[in-house]
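Trainee: I have this one open and would like to go through it with you. Can we start with the ground rules and then look at details?

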Amino acid sequence: MNTLDPSHPLSAARTASSRLVRAYQGVRQEVTPVWFMRQAGRSLPEYRELRVGTRMLDACLDPALASEITLQPVRRHGVDAGIFFSDIVIPLRLAGVDVDIVPGKGPVLGSPVRTADDVSRLTELDPASLTDETFAPIIEAVRLTTAELGDTPLIGFAGAPFTLAAYLVEGGPSKDHIRARTMMHADPIAWARLMDWTADVTGAFLRTQVVAGASAAQLFDSWAGSLSLHDYATHVAPASTRALSHVRDLTYVVTHAPDAAADADARADEPQTETRNVPIVHFGVGTGELLKAMHEVGADVVGVDYRIPLDEASRRLGHVVPIQGNVDPAMLAAPWKVLQAHVLDVLERGADAPAHVLNLGHGVPPETDPDVLTRLVGFVHGL
Ligand code: CP3
């Protein structure tokens, strides 16, 4: 167990009783908390303006810029959380991998990792080299951001080993991640080495954000939906568990005021303390068949995409797991009445789970009218 610093927003009781954190811990909130994947980004004119002349990964490594971009959607929409502006490939870049983000395309590798020798060359980059010094721009950006956010929690995130490996092996974006899926069967030993290395690199990135001030952590296994349940369980889940083990031990202590209605045995005049862990969310696209397995790798909350209704997702999770999702991003451009009815349906189905955080089923499309997002937040908060 590792207790967060007393100045951390969770320990200092700034975010510990926020709607988002409590919902992630399974306590249903009177008002459903809401945030949007990819809320920090191209749907905002103020983002596009700030990004002019700066490459994506350079923006991520500029603490003042990354912090400002993180804060933009919180100010504009009044969402219940900020999500740290960064990218899943940042820890790869900081570990020494030749990777860039090509606008309109996504992550592209200088040299793809296709053979056992390629894996050996990659894994010579020691994950232990990812120290606080290497992560300094991330730590600084998180500190600047949480100082501004006050009681609003910041969500830290990282890519899951499979999604990162899909980029590493393919060398860039791909449709079915077929080379990565071939490697896991053709050379399971090299694959396991690649996954373990990726787990430690991405896990270090996630831990850094939480220790620096994030109040929750989300692992994105965006492309896990291309896997069968068997392949996921055998060749992917152990590495995701390993990635999450980097944050699983992080705890903080909350102190409850003396409660008059407390149990007669308890000393009513003494404050009660409780140790809680930093909540972990696990999300993937097209992962209806994998929900239970994705919970079991060590997540507290499961993010659901728009392809499966939340009541069905909750049933598959045994009705015991808080869920996040799953407004269809396509609905954001539909007439307000249509979107409104869809959101009400999502909320009603979300009531099947112990707690629900409203989100999209995947990221905000770049062409989304930001006013629709603001209106949606107001609508959910006003119910
Ligand atoms: O607002 C947020 O959600 C926080 C920031 C964030 C970004 N990327 C910023 C970004 C987060 C959480 C991510 C995660 C990410 N990055 C994922 C997992 C989530 C998902 O969408 O499934 C993945 C698969 C990536 C890899 C990646 N990076 C892609 C596919 C792209 C899009 C390429 C494009 O131009 O269409 C990126 C670039 C990227 N990451 C942008 C942003 C805002 C766009 C860069 C730009 O403005 O040009």
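Mentor: Helices (H or I, at least four residues) and strands (E, at least two) are DSSP runs, numbered from the N terminus. This is a predicted model, in which local features need pLDDT of at least 70, side-chain atom pairs count only at pLDDT 80 or more, and totals for chains, interfaces and linings use all residues. Residues are numbered from 1 along each chain as its sequence is written, and side-chain values use heavy atoms, with hydrogens and water left out.

Trainee: Fine. Which helix holds T202?

Mentor: T202 sits in helix α10, residues 188–212.

Trainee: Is T202 buried or exposed?

Mentor: T202 counts as buried because its relative accessibility is 1%. Buried means under 20% relative accessible area, exposed over 50%, and partly exposed in between (1.4 Å probe, protein chains only).

Trainee: And what is T202 in contact with?

Mentor: Leaving aside neighbours within four places in sequence, T202 is in contact with P91, A158, G159, P161, L164 and A243. Contact means heavy atoms within 4.5 Å.

Trainee: A243 is in α11. How do the axes of α10 and α11 cross?

Mentor: The axes of α10 and helix α11 (residues 229–248) come within 7 Å and cross at roughly 25°. Axes are lines fitted to C-alpha atoms, for helices over the stretch in contact, and angles run from 0 to 180 degrees between N-to-C directions. The two helices are therefore roughly parallel to each other. For angles, under 35 degrees counts as roughly parallel, over 145 as roughly antiparallel, 65 to 115 as roughly perpendicular and the rest as oblique.

Trainee: Which residues of α10 and α11 meet?

Mentor: On the α10 side they include W191, M195, A199, T202 and L206, and on the α11 side they include V236, A239, A243 and V247. The residues of this contact divide into 12 nonpolar, 4 polar and 4 charged. Here Ala, Val, Leu, Ile, Met, Phe, Trp, Tyr, Cys and Pro count as nonpolar, Asp, Glu, Lys and Arg as charged, and the others, Gly among them, as polar.

Trainee: What about α14 and α15, how do their axes cross?

Mentor: The axes of α14 (residues 336–350) and α15 (residues 370–382) come within 11 Å and cross at roughly 45°, so α14 and α15 are oblique to each other. W336, L339, Q340, V343 and L344 in α14 meet V372, R375, L376, F379 and V380 in α15. That contact divides into 8 nonpolar, 1 polar and 1 charged.

Trainee: Where is H177, and what is its phi?

Mentor: H177 lies in the loop between α8 (161–170) and α9 (178–186). Its phi is positive, about 55°, although H177 is not a glycine. H177 counts as buried, at 5% relative accessibility.

Trainee: And A13, buried or exposed?

Mentor: A13 counts as exposed, at 55% relative accessibility. A13 also has a positive phi, about 65°, without being a glycine, and is found in the loop between β1 (2–3) and α1 (19–24). Most residues other than glycine have a negative phi, and most peptide bonds are trans.

Trainee: Last one: how many helices and strands in the whole protein?

Mentor: The protein has 15 helices and 12 strands. Buried residues make up 55% of its 383 residues.
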